[in-house]
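Please read it with the structure open.

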Amino acid sequence: MKKQITVMMLVLAVLLGACDKNDNIRLISIDEEIQIGQQVSQEINNNPAEYPVLDETEYPEAYDYMEDLFLEILNSGEVAYRDEFPWQIKIIHDDDVLNAFAAPGGFVYVYTGLIKYLDTEDDLAGVLGHEIAHADLGHTRRNIQKAYGLQAVLSILTGNASQVEQIAADLLANAAILKFSRDFESEADDESVEYLASTKYNCAAARSFFQKLIDEDQTGGTPEFLSTHPNPDNRVEDITKKAEEIGCDTKPLNPASYQDFKAMLP
């Protein structure tokens with residue numbers, strides 16, 4: 001009976017167009033979205049060879065710095081799921097990877113390679129704003145709904161733990177699910193500008209990483225970061241236009257403490 005009621009609720013959600021706070025169709029509840037993210041986090045913790053997450057007890061100052069920056073953006077007043085998601089930030093030790101990603105429910109990971117590649121605190125704030133936006137806008141959840149279809153969603157809604165575990169494993173193994181459309185990337189870029197506009201940071205800081213890639217005209221192959229992100233062409237221009245549209249402050253913020261932060265890392 002309980003399963004039948006759940007199925008009926010799902011059907012009603014589809015028919016009535018149940019939406020999240022950002023007006024996107026939501027078939028997976030907030031709790032279930034968080035559950036998937038927690039499972040992804042567990043998968044990462046269980047695989048230190050591939051995901052060598054820095055221990056917070058060994059690098060407390062580095063984590064304090066990162067969390068202060070993270071909270072500055074989360075507390076901007078613009079993050080729709082600020083209070084619903086558990087929001088966690090972790091640092092993965094791999095200097096060869098220029099990457100960052102966000103699991104459902106607000107579990108954000110940044111590689112040391114990307115932190116060391118970026119020049120200023122503004123730049124990192126732009127990356128974090130972008131990844132927070134992916135989680136806040138439910139981009140991975142929406143990809144799951146599209147990739148797995150109704151049957152998988154039903155399995156999650158009826159308490160199928162093995163399905164949640166499988167989806168979490170697939171998220172880490174299948175780049176296609178983590179690869180976002182140009183529309184999703186544009187949404188995250190725009191949202192990062194909105195977030196940073198209410199902070200002390202340059203509101204267009206998300207463009208800095210892409211501008212640096214363009215300026216350096218890298219010829220050694222596509223960085224890992226761009227394996228799940230579109231080519232930087234036009235993104236700098238689009239972010240700049242968004243900042244001009246809302247009239248936010250683009251004055252750079254470059255405290256010397258960012259270099260101290262990088263020196264804290266192994």
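**Rings, charges and a helix face**

1. Lysine 212 lies over the face of tyrosine 117, 4.3 Å from the ring centre, where a charge counts as over a ring if NZ of Lys or CZ of Arg is within 6 Å of the ring centre and within 35 degrees of the ring normal. The model is predicted, so to speak, with local features needing pLDDT of at least 70 and side-chain atom pairs pLDDT 80 or more, while totals for chains, interfaces and linings use all residues. Residues are numbered from 1 along each chain as its sequence is written, and side-chain values use heavy atoms, without hydrogens and water.

2. Lys212 is also among the buried residues of helix α10 (residues 207–216), together with Phe209, Phe210 and Leu213; buried means under 20% relative accessible area with a 1.4 Å probe, protein chains only, and helices are DSSP runs of H or I, at least four residues, numbered from the N terminus.

3. The structure holds 11 aromatic pairs, meaning rings of Phe, Tyr and Trp (its six-membered ring) with centres within 6.5 Å, stacked if the planes are under 30 degrees apart, edge-to-face if over 60 and tilted otherwise. Tyrosine 65 and tyrosine 258 have centres 6.5 Å apart and planes at 45°, so this pair is tilted.

4. Phenylalanine 85 and tryptophan 87, both buried, form a tilted pair at 5.6 Å and 55°.

Technical notes. Buried means under 20% relative accessible area, exposed over 50%, partly exposed in between (1.4 Å probe, protein chains only). Helices (H or I, at least four residues) and strands (E, at least two) are DSSP runs, numbered from the N terminus.
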